[in-house]
Amino acid sequence: MKPLTDFVSSRDEKALAKLGVSSVGELLRYFPRTYIHPGTVTEISRLEAGQTAIVYATIESVNTRPMRNRRGTITEVTLADEHAEITATFFNQKYLAEQLKPGTRMVLTGDIKVYRNSLQIQNPRWLGHEDYIDRGDIENPIPIYRSSKQFASDRLAKTIRTVLDALGPEDFTDPIPAEVLADHGLPDLRKALTMIHRPKNEADVKEAMERFRFEEAFALQAELYGRRQRAKAEQSVRLPGKVDGLLASFDESLPWPLTKSQRRAGTEISQDLDSDSPMNRLLHGDVGSGKTLVAMRAMLQACLLYTSPSPRDLS
């Protein structure tokens with residue numbers, strides 16, 4: 001893919017590095033931590049106490065002052081649309097005074113409450129301003145990213161959208177073969193990235209997440225398969241055991257017969273030990289199912305196959 005500096009300044013590159021993003025590939029896989037679900041933008045004059053609303057309005061003024069009865073600050077942002085105005089109150093976020101400038105249009109959501117006989121937006125969440133978010137985007141799930149003071153969530157969303165729009169099909173190398181995607185009904189890499197960063201609905205998010213969970217499992221299975229194939233190419237010492245060896249004596253000394261499952265697992269392990277390829281096997285079973293016994297029998301075949309002591313020597 002193209003270098004990250006093709007899309008961001010050197011200053012922004014450093015800010016992204018603090019978030020663990022140092023390449024275009026890492027940026028595209030910097031997934032949202034959550035989403036604000038879509039809602040209808042409400043005119044300020046139509047707001048009612050008790051509702052949670054989305055407001056798209058122009059910043060009239062920003063005022064930050066210390067709290068009267070405790071430590072901290074209050075930042076009051078007065079917003080206006082074509083019909084009315086309202087105040088949004090942010091607690092201990094005085095840095096917003098540097099980011100929210102009068103005359104800028106912004107989008108926020110919050111609870112509408114009555115304070116001193118006037119409506120106010122309390123517990124507001126700033127979704128972005130006009131440089132980074134379009135009014136049409138509000139109708140879709142809005143991605144919220146883990147962010148920093150230098151790189152807010154809405155800027156991340158805008159940067160990722162810009163990168164997605166600029167890259168062509170040749171820039172995306174899908175780790176999952178096309179036939180596997182088709183068999184499981186999953187979207188390709190480019191489509192999945194678009195769906196997770198610019199979803200049109202909640203179904204897009206779900207489908208994209210399903211694809212990336214499958215990709216993680218697929219990559220793990222592919223790695224394990226590769227290890228098995230490399231192991232098969234190696235040579236190992238065959239350990240066939242002896243019919244009348246220590247393992248036979250051990251079995252005779254047991255006060256109970258082996259179960260069907262224990263014998264089956266033992267036989268498969270014995271065959272692996274008798275192969276000229278290294279064994280790669282996981283023994284799985286419930287508590288008390290005899291895993292230790294099966295492992296002991298394998299050890300006797302592998303380590304002591306040429307000795308045949310009497311059963312009492314095992315005690």
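Modeller: A helix here is a DSSP run of H or I with at least four residues, and helices are numbered from the N terminus. Ala 166 lies in one of them, helix α4, residues 153–166. Keep in mind that this is a predicted model.

Biologist: Is Ala 166 buried, partly exposed or exposed, and how do you know?

Modeller: Buried means under 20% relative accessible area, and exposed means over 50%. Ala 166 has 39% relative accessibility, so Ala 166 counts as partly exposed.

Biologist: What is Ala 166 in contact with, leaving aside its neighbours within four places in sequence?

Modeller: Contact means heavy atoms within 4.5 Å. By that rule, Ala 166 is in contact with Lys 2 and Phe 7. Look at Lys 2 in the sequence: Ala 166 and Lys 2 are 164 residues apart there. In space, their C-alpha atoms are 9.9 Å apart.

Biologist: On to Asn 117. What makes its phi worth a remark?

Modeller: Most residues other than glycine have a negative phi. Asn 117 is not a glycine, yet its phi is positive, about 65 degrees. Asn 117 sits in the loop between β5 (105–115) and β6 (118–129).

Biologist: Why is Asn 117 called exposed?

Modeller: The cut-off for exposed is over 50%. Asn 117 reaches 78% relative accessibility, so it counts as exposed. Asn 92 also has a positive phi without being a glycine, about 55 degrees. Find Asn 92 in the loop between β4 and α3 (96–99).

Biologist: How do you know that strands β3 and β4 pair?

Modeller: Two strands pair if DSSP finds at least two bridges between them. Between β3 (residues 73–80) and β4 (residues 85–91) there are 7 bridges, so they pair by that rule. The two strands run antiparallel. They form a hairpin, with 4 residues between them. Thr 75 stands opposite Phe 90 in β4.

Biologist: Which residues of α6 and α7 meet?

Modeller: Leu 189, Ala 192 and Ile 196 are among those in α6. On the α7 side, they include Val 205, Phe 212 and Glu 215.

Biologist: How do the residues of this contact divide?

Modeller: There are 9 nonpolar, no polar and 4 charged residues. Leu and Phe count as nonpolar, and Glu counts as charged.

Note on methods: Residues numbered from 1 in each chain as written. Predicted model: local features only at pLDDT ≥ 70, side-chain atom pairs only at ≥ 80, totals over all residues. Heavy atoms only, no water. Buried < 20%, exposed > 50% of the residue type's maximum accessible area, 1.4 Å probe, protein only.
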